[in-house]
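Please open the model in your viewer and keep the selection panel at hand.

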Amino acid sequence: MKSTDSHQNLPDDSSLQLLADGRMRHLLTLQGLDGSLLTELLDEAEAFLSPIGSAPERRVSLAGRTVANLFFEPSTRTRASFDLASRRLGADVLNLDVNTSSRKKGESILDTIFTLQAMQVDIMVVRDAGAGVPAYIARNVNDHVSILNAGEADVSHPTQGLLDLLTIRRHKGDFEDLTVAIVGDILHSRVARSAAQGLTALGVGELRLISPPALAADQNEVPGAIISDNLDDGLKGADVVMALRIQRERIGNLDGIPGIDEYFARYGISHERMKIAAPNAIVMHPGPMNRGIEIESTLADSTASVITEQVTNGVAVRMAILERVAKTMDSR
Ligand code: CP
């Protein structure tokens, strides 16, 4: 994808997250994780799923461990699901209120991290608007501490990528024969980047990235993807359609981006538009949604939509990742 400023000169984080023997220490990015590891993670996550309305799966694999949620950007789904996932595995959970934390008084992020580390926090779940922050923290924490990236600028959102992969796999099976269309603000989307990395590693049949030219992907970032500004071409025969929000908080200059009505007319995913996609195509959205802009409201609530399943799968994926890094801690 096209590099925004935040991507420039970022070191490769992929070697930081796995120990030499392949055990997972941190989760910073899906870049560099191979298809077999991703498949194992999806299998582990799937084992945590139980029907809505039944008692959720519980384990004690994090008993005695402490997880801190450090969200320096807003979140509903990711924060709540890491919280639930940690508790369902028996961990103590600290949700730092960033609005009343000492970072507001000028404390550096590393001093905040070192303070929590001194309180025997084992796993830190970090969301930040700064590119490179999760890896920067990972390079500086004690050996026993794990860092999980919960959304990093426009760079990476690896647990979102995993939950998207799990949702697709549960509906469509193997990735090799699938056509996946991701539609919207690709340029500023950490969700699109992580989904593209995961889908590529799992050998997706065809990946299409559709957006207005001003929000387009860079071919060099996703060499195998088809990049287009034509929604009708992009949706033709697609098995999976993922709509993305325009990331207004990351866009300084809105020149070249259509207004709301024009955007919905040209790039909005609607019942009518979905007639171009494959029969039984599924509609995804990472949330938060702007109904009536990138997705027709009634489509988001229709039987084609798997948006609430994505949320359910997010808890399972986060349980799988928490259990993985806790196992690594226990075996060190
Ligand atoms: N998809 C996602 O990251 O949602 P939140 O911002 O609510 O966590």
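Which residue has a backbone N or O atom 3.1 Å from a nitrogen atom of the ligand? Select Gly287, whose backbone supplies that atom. The protein covers 93% of the 250 Å² of accessible area that the ligand has on its own (Shrake-Rupley method, 1.4 Å probe).

This is a predicted model, in which local features need pLDDT of at least 70 and side-chain atom pairs pLDDT 80 or more, while totals for chains, interfaces and linings use all residues. Residues are numbered from 1 along each chain as its sequence is written, and side-chain values use heavy atoms, without hydrogens and water.

Next, show the side chains of Ser75 and Thr78: an N or O atom of Ser75 lies 2.6 Å from an oxygen atom of the ligand, and for Thr78 the distance from such a side-chain atom to a ligand oxygen is 2.6 Å. The residues surrounding the ligand (a heavy atom within 4 Å) also include Arg127, His157 and Gln160.

Now select Arg77, Ser81, Gln160, Leu163, Pro286, Gln310, Val311, Gly314 and Arg318, which line the largest cavity, a space of about 60 Å³. A cavity is a set of points on a 1 Å grid over the protein atoms alone where a 1.4 Å probe fits but cannot get out, and lining residues have an atom within 4 Å of a point. Helix H12 (307-330) gives the most to this lining, with four residues (helices are DSSP runs, H or I, of at least four residues, numbered from the N terminus).

Finally, select Met24, Asp143 and Met329, which are among the residues lining the second largest cavity, where about 30 Å³ of space lies.

Note on methods:
Polar contact = N/O pair within 3.5 Å; in protein donor to acceptor, adjacent residues only side chain to side chain. 1 Å grid on protein atoms, 1.4 Å probe; cavity = no way out; pocket = protein on both sides within 12 Å on 5 of 7 lines; lining within 4 Å. Points joined across faces, edges and corners; volume = space filled by probe spheres on them. Helix = DSSP H or I, 4+ residues; strand = E, 2+ residues; numbered from the N terminus.
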